Protein chains: 6
Amino acid sequence: MRLLVANANTTEAITELCAASARAAAAPGTEIIPATPRFGPVVIATRAEGAIAAHGLLSLLAEHAGRVDGVLLAVSHDTALEAARQLLPCPVVGMTEAACFAACLLGGRFGLVTMGSVDVYRERIAQHGLAGRLAALRGIALTPQDAVRDPEAVALEMDAAIAAVVAEGADAVVLGGAALAGMGPRLQRHAAVPLLDGIACGVKLLEMLVALGLPKPVAGSYAAPRGRETLGLDPALAALLRGG
Amino acid sequence: MRLLVANANTTEAITELCAASARAAAAPGTEIIPATPRFGPVVIATRAEGAIAAHGLLSLLAEHAGRVDGVLLAVSHDTALEAARQLLPCPVVGMTEAACFAACLLGGRFGLVTMGSVDVYRERIAQHGLAGRLAALRGIALTPQDAVRDPEAVALEMDAAIAAVVAEGADAVVLGGAALAGMGPRLQRHAAVPLLDGIACGVKLLEMLVALGLPKPVAGSYAAPRGRETLGLDPALAALLRGG
Amino acid sequence: MRLLVANANTTEAITELCAASARAAAAPGTEIIPATPRFGPVVIATRAEGAIAAHGLLSLLAEHAGRVDGVLLAVSHDTALEAARQLLPCPVVGMTEAACFAACLLGGRFGLVTMGSVDVYRERIAQHGLAGRLAALRGIALTPQDAVRDPEAVALEMDAAIAAVVAEGADAVVLGGAALAGMGPRLQRHAAVPLLDGIACGVKLLEMLVALGLPKPVAGSYAAPRGRETLGLDPALAALLRGG
Amino acid sequence: MRLLVANANTTEAITELCAASARAAAAPGTEIIPATPRFGPVVIATRAEGAIAAHGLLSLLAEHAGRVDGVLLAVSHDTALEAARQLLPCPVVGMTEAACFAACLLGGRFGLVTMGSVDVYRERIAQHGLAGRLAALRGIALTPQDAVRDPEAVALEMDAAIAAVVAEGADAVVLGGAALAGMGPRLQRHAAVPLLDGIACGVKLLEMLVALGLPKPVAGSYAAPRGRETLGLDPALAALLRGG
Amino acid sequence: MRLLVANANTTEAITELCAASARAAAAPGTEIIPATPRFGPVVIATRAEGAIAAHGLLSLLAEHAGRVDGVLLAVSHDTALEAARQLLPCPVVGMTEAACFAACLLGGRFGLVTMGSVDVYRERIAQHGLAGRLAALRGIALTPQDAVRDPEAVALEMDAAIAAVVAEGADAVVLGGAALAGMGPRLQRHAAVPLLDGIACGVKLLEMLVALGLPKPVAGSYAAPRGRETLGLDPALAALLRGG
Amino acid sequence: MRLLVANANTTEAITELCAASARAAAAPGTEIIPATPRFGPVVIATRAEGAIAAHGLLSLLAEHAGRVDGVLLAVSHDTALEAARQLLPCPVVGMTEAACFAACLLGGRFGLVTMGSVDVYRERIAQHGLAGRLAALRGIALTPQDAVRDPEAVALEMDAAIAAVVAEGADAVVLGGAALAGMGPRLQRHAAVPLLDGIACGVKLLEMLVALGLPKPVAGSYAAPRGRETLGLDPALAALLRGG
């Protein structure tokens, strides 16, 4: 089974980090193929960057369409998830979506902790239909750069954030963002509930969906596009929209 | 990996049917262990039967606690799911819960079709927090016995029910109830969207949860019971509640 | 009018406490009949205990079916309420359900205070459809044992919890759990809004439902069971499920 | 116990009809005191009439404040319910509110049938926080005048409306509007689920609230008004707002 | 274009304040016509006052019906908004409604700050269907009288309240109540997000609705009343309800 | 006042159509500046096209940033609305958002009719927080091409769709999609409730927001981006993300 781990920003180092997490989670026989867009935001931290990144991401996916068995969107806001799910012939899963759904299988309500703003996470979780199962969100005022510089300081703040969302009723906690991935085992040792890493959850959910061998819908708004004309797009993306 | 497929009614033939579906879905290396309660309803079709069945089911699970890696509740109303999840040291998944969450990864909204009443399904889906992603429910006025007697007649009605929920906006459809499991491939050939069987989805989600190796929560209402006294229960169940 | 006050745990002292509250609230002519299950948890404090207790409770109710005019579930999580409502020919009310609905008739939003975890209360209130009218929940970190040992200390903490939910907008406050029943008048003297005791509210709501003389539904999922087969259940419960 | 049955329109015949229903439902010892506003709409059928009627209704209530033990608003849209609840020293219940809450104690979801538009009922039920328990609403295109002229024709249409909301999942059905009150027993004979009359339910809920002897809140937006100045209002109403 | 700015309390000074704000916001060619009810509460601060005020307000509007192009309800709880919208032949907008809808066009979630209780605001925003976009409400424990006596003290508390709702995720903040109107520019200088004044927003939304030239509905519960009989109302109001 | 009317697909004829509608709605002194992206989908009909179009649209907006006073997104799914709102220094409104909010000011619940699928509209309305005010959606199985070929046939089907959503309780109806814009006056003549055109509403709401002169937020997720690095984007877009 070939799974594409597609970053949505243009920073290859982040792609590599995610691919390593994905390989650690993958079953024997699952091949992880990392991929990075050729244009777009270097890092996605704002609404505008998320919207712009969709194009580069979908162009990237189009190049791999038909040659992979599943796609993991390695971007914490699940950028362009619904579009990718419609566009591609194979299953597509977003990393935060994956972690949130896995968290729901472990208890009643879940929390999410991240570095920076929680606003887009709140909206994304609501769009996933899971607002009723969200106990609390918490963003610490530190950056991925801080995590590189002083990982223990970040870990201590993160421990506190996790404890806070547990106190608000979270039975499991999603780690939001690729930057926290490596920190998972360290944080888990201090946490009272299970912590969920989106890359690991996403790989396992894709292995499930591929194994189930489900057909692509041929009705509704997730059926593959067909006969759609475009202007100035990459040939692979244009071809996929044209269908046929 | 050893997965318990626990029926909640006392009909071994249904347990065997579910176990066969589970084995068909299991990865190499996953052992399926079927189990049937020793007392309770012969079939669960009403609210009262569901509530009564919880005791027999939890007694059954207690006997296997510590000797399996995960538990699939092979009962379409996800009977006693939250209680089992709290009680056992390993992951527990309900078959309808599993199919609904898998359906969410395939599109926007999902539908559910079943034989008989949809009322308890509607409530269960709301309790799973997924009411916002439910497009429609449809129950056909035929029974599992009809499905044995004249499977094609049931299949034709079911095709119509599936088409109806797709017309109401379902991008994927959950097959509610073990009796539909065997019918899945036949129904899928006529359906415009993917159909989801709870047993298959449950096995794959358990394989995921076991592979993730997450710890049991030690805080909140899903932490294992400890020091709870009981009267007149099976020794294994009493012991599990007492903890230790 | 004969009202069964059915405990769901096996501790007769708690049954007696609830029966005394019920008698204090009952109208002249209302007879209170206390009943305690013969097996199950000694006290219900966790999800697993709640699920297990349903069987003993429903067995108990079956013994009284047809010989009482109404049933009050004297258990704070409204254990097996929907099942009992379907199973019995007479009205059935849960004590927390009763207090929450009464609270809604007194103002805009209500609060709930209890000893211990509020998680199951939050879920139960949502299942009752009243999440939109819930201002706040608060659980104090003391136990019913503490209330016996040092009632004034518990009362002081409870005063503070009540004041806190009033500050969050509660126009009335539900006292969660039988252990608080006796404390009601003491707490009311210090509270800015009315406090509701589930046993008293439940008795009055049952008197109302009995007086209204409403028929049992013969359609839908609350119609009485009929022709349901079981294995190894008490004869009275088995007979009620068989119907006829 | 003295209960005021306060109409909100100026038609005494409707007041008498409601008072008769109330007396039929009242316990021995409950005195029913009918009251009709001196100004306002002759019948309330539109939003504008409902808003205007509040003044006449509250003026009427002010005259009785302190001389009754409870107030039933005998107006199907629960006109000025929250205001009356704040204003008066005794419990106040609306007739549709009463029927909806009673319906919730009988099953999972309820329906409502009425003559004319259902829009304001839908909004009122949502404001009562019960939208999640509403299965369906149905208004027949006949008027109270038709019901006087040809009661059987109206009853047959109403039977069909009731059957329709039951088919959509209602376990109990609220009869919306005073005009249906007299028809209740006739309709109940053909209905598969219990039917609820707001006047009867309201009387019983008031008997409950009076019996519980709860204090008036002294905090929040339902505390009695105090020191509020007015211009041109009836002396009793002005005095009540001034408090003191 | 003639816009009526209708106060719902009887204090002309407040009407004048609102009219001044309205004139400051109005486009050239928009004439602002202030109006004050002849009876009712001097100030509306409680539920009872709001319900009573509806009559005086609707009587006032009836006098102007047909002679103005739009109506702004200059009352912070949007008193009688739905009734006025049905009753009048021209567009009607409430000041808090206006500010909330404008706030939605500026970001994701909005907050509201006011003097006094937030309970009725919370309910009104829910009735407007905007509960999902409300980040937080905050009421300071000071009165309009305090604002006259020591405006800077009030402004400092208000600055803190605004900062608090921004910290809870508000991208824009509604100023609740006419008393804050004059303070807007002062508060805006210290705020991190845009502040919205209901009078200004209401004038602009009415200018929009009038410019769009939309017809009055002739179906549904907002169609004009017709043939409605009344007792003891002002001739203009009675005539409007009679229609024709 | 200069308002950009920005199409999100690359078809200039549609841009011109929208600009003409915009000019018809604009106040004297409002200049309408049409703009069409240089790359992307020729028409947006699917999820994938919507996501791809965001890049071209935001590049286009970046070229105009600072030189217009407001932006109307002339694309029926409100493509990239939140991103554009964050990115630009001036107000941004989406055409369907505009029509839905205007519809809320005219009655209780609104409907939406369109050509083709309603799925994305339903999601968009939910994201705007207005799901609770949506009475019904209806999509006719005809295309904009059909509307060019046989406008009367399309108008008749549209009349029926409008009548259907009115029957389901809509007090106002949004016309979804630019193709219906020209048809508005024809459809309004047969409709029982007001019909809302997104271009007209959007222009008026922008005139309102510009007139209010509100500041850009400097906190939260709608504050302007600053210091964001990108790869391979248009210079204007890259500069705007870099800020400064």
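This is a predicted model: local features need pLDDT of at least 70, side-chain atom pairs count only at pLDDT 80 or more; totals for chains, interfaces and linings use all residues.
**Ground rules**

I number residues from 1 along each chain as its sequence is written, and I letter chains from A and number ligands from 1 in the order in which they are written. Local features need pLDDT of at least 70, side-chain atom pairs count only at pLDDT 80 or more, and totals for chains, interfaces and linings use all residues, while side-chain values use heavy atoms, with hydrogens and water left out.

**Entry 1: chain B against chain A**

I looked up the contact first (heavy atoms within 4.5 Å). Chain A gives 38 residues and chain B gives 38 residues. Next I took the buried area, which is the accessible area (1.4 Å probe) that two parts lose on being put together, summed over both. The two chains bury about 3200 Å² between them, and 75% of that is on carbon and sulfur atoms. On the side of chain B, Phe101(B), Leu105(B) and Met208(B) supply 20% of the area buried against chain A, more than any other three residues.

I then searched for salt bridges (a side-chain nitrogen of Lys or Arg within 4 Å of a carboxyl oxygen of Asp or Glu).

Helices (H or I, at least four residues) and strands (E, at least two) are DSSP runs, numbered from the N terminus. α9(B) gives the most, with eight residues. By class, I noted 26 nonpolar, seven polar and five charged residues on the side of chain B. Ala, Val, Leu, Ile, Met, Phe, Trp, Tyr, Cys and Pro count as nonpolar, Asp, Glu, Lys and Arg as charged, and the others, Gly among them, as polar.

**Entry 2: symmetry of the pair**

A turn of 180° and a shift of 0.0 Å along the axis give an RMSD of 0.0 Å. The two copies are thus related as by a two-fold rotation axis. The copies meet through the same surface, because 100% of the interface residues of chain B are also interface residues in chain A.

**Entry 3: other chains**

I checked chain E and chain F, which bury about 3100 Å² between them. Their interface has zero salt bridges. Chain A and chain D have no contact, and their closest C-alpha atoms lie 14 Å apart.

**Entry 4: inside chain A**

An automatic or database assignment sets the domain bounds. Chain A has domain 1 (2-94 + 201-242) and domain 2 (97-198). I read 23 Å between their C-alpha centres. The two domains of chain A bury about 1300 Å² between them, 50% of it on carbon and sulfur atoms. In domain 1, Arg47(A), His77(A) and Cys201(A) lose the most area to domain 2, together 41% of what that side buries.

How many salt bridges join the two domains of chain A? I counted three. Separately, I noted a salt bridge between the side chains of Glu97(A) and Arg85(A) (2.9 Å, N to O).

Key. Copies are superposed by least squares on the C-alpha atoms of residues with pLDDT of at least 70 in both.
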